[in-house]
Amino acid sequence: MGRTSGRVPGNAGIWVGITCEFVEFLVLFAVYFVARAHFPQAFEDGAPRLSATAGVAITLLMVSSSFLIACSVATIRAGRRGRSIAFLVGGLVLALGYPLAKLLEIRWNLAQGIDGESGIFFTVYYYLTFTHLVHGFWGILGILWVLGRHAIGAYSAQNHDGLEALASYWHATDIIWLVIFALCYVLP
């Protein structure tokens with residue numbers, strides 16, 4: 001069995017951060033469900049007004065980026081540093097598509113007259129998605145940091161905790177997006 005058997009990936013600090021992220025979104029999801037319970041018609045009418053195309057595009061960008069970052073971790077574990085860096089660059093490129101897709105979605109929303117004052121559903125939607133976007137930016141900054149360190153040889157098959165920490169954070173951010181996608185874009 002290798003070094004990865006029976007251990008938690010990354011480091012303790014990233015798991016404290018991920019736990020805080022989950023608690024923050026747990027509170028926001030509680031707000032979502034309380035608002036939905038009090039204004040069911042607003043939520044039923046609001047979701048179909050959003051761009052399903054944008055929601056799907058963001059989902060595909062996030063999940064694909066996570067996949068490439070996971071490939072980066074797997075290849076560094078196998079001692080293939082160059083390939084690991086290439087996967088991480090691919091993950092970064094797709095991750096950068098997320099804020100771009102979100103910007104295009106917001107522009108589309110505003111053109112449709114959908115802003116934070118368009119009703120309770122949209123207020124909750126913007127709080128959830130903007131908060132997630134902030135976490136996405138932190139993740140992108142993390143990818144840039146880890147990529148810079150990776151490029152100068154900071155990670156190897158024996159020592160890649162920073163890359164694992166980044167992957168863990170980015171996967172956690174993906175999990176939260178998948179819940180947001182389901183609640184805001186899919187469920188009526």
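Is Leu-141 buried or exposed? Leu-141 is exposed, because its relative accessible area is 54%, and the cut-off for exposed is over 50%. Please keep in mind that this is a predicted model.

**Helix α5: Leu-141 and His-150**
- Leu-141 is found in helix α5, which covers residues 120–151.
- Leu-141 and Val-16 are 125 residues apart in sequence, and their C-alpha atoms are 18 Å apart in space.
- His-150 is found in helix α5 too, but this histidine counts as buried, with a relative accessibility of 0%.

**Aromatic residues**
- Searching the whole structure turns up 12 aromatic pairs.
- In the pair formed by Phe-121 and Phe-122, the ring centres are 5.0 Å apart and the planes meet at 80°, so the pair is edge-to-face; planes over 60 degrees apart qualify for that label.
- Both partners are buried: Phe-121 has a relative accessible area of 2%, and Phe-122 has a relative accessibility of 3%.
- One aromatic cluster takes in Phe-121 and Phe-122 together with Tyr-32, Phe-33, Phe-43, Tyr-98, Tyr-125, Tyr-126, Phe-130, Trp-177, Phe-181 and Tyr-185.

**Helix α4 and the glycine after it**
- Helix α4 runs over residues 81–111, and its 31 residues should span 45 Å at 1.5 Å a residue.
- After α4 comes Gly-113, with a positive phi near 80°.

**Ser-51, between α2 and α3**
- Ser-51 has its place in the loop between α2 (40–46) and α3 (52–77).
- Although it sits in a loop, Ser-51 is buried, because its relative accessible area is 13% and the cut-off for buried is under 20%.
- A polar atom of the Ser-51 side chain lies 3.1 Å from the backbone nitrogen of Ala-54.
- Beyond its neighbours within four places in sequence, Ser-51 is in contact with Glu-105, Trp-108 and Tyr-185; Tyr-185 is also one of the members of the aromatic cluster.

Terms used. Residues are numbered from 1 along each chain as its sequence is written. This is a predicted model: local features need pLDDT of at least 70, side-chain atom pairs count only at pLDDT 80 or more; totals for chains, interfaces and linings use all residues. Side-chain values use heavy atoms; hydrogens and water are left out. Rings of Phe, Tyr and Trp (its six-membered ring) pair if their centres lie within 6.5 Å; planes under 30 degrees apart count as stacked, over 60 as edge-to-face and the rest as tilted. Buried means under 20% relative accessible area, exposed over 50%, partly exposed in between (1.4 Å probe, protein chains only). Helices (H or I, at least four residues) and strands (E, at least two) are DSSP runs, numbered from the N terminus. The expected span of a helix is 1.5 Å times one less than its number of residues. A polar contact is a pair of N or O atoms within 3.5 Å; within protein, one must be able to donate a hydrogen and the other to accept it, and residues adjacent in sequence count only if both atoms are side-chain atoms. Contact means heavy atoms within 4.5 Å.
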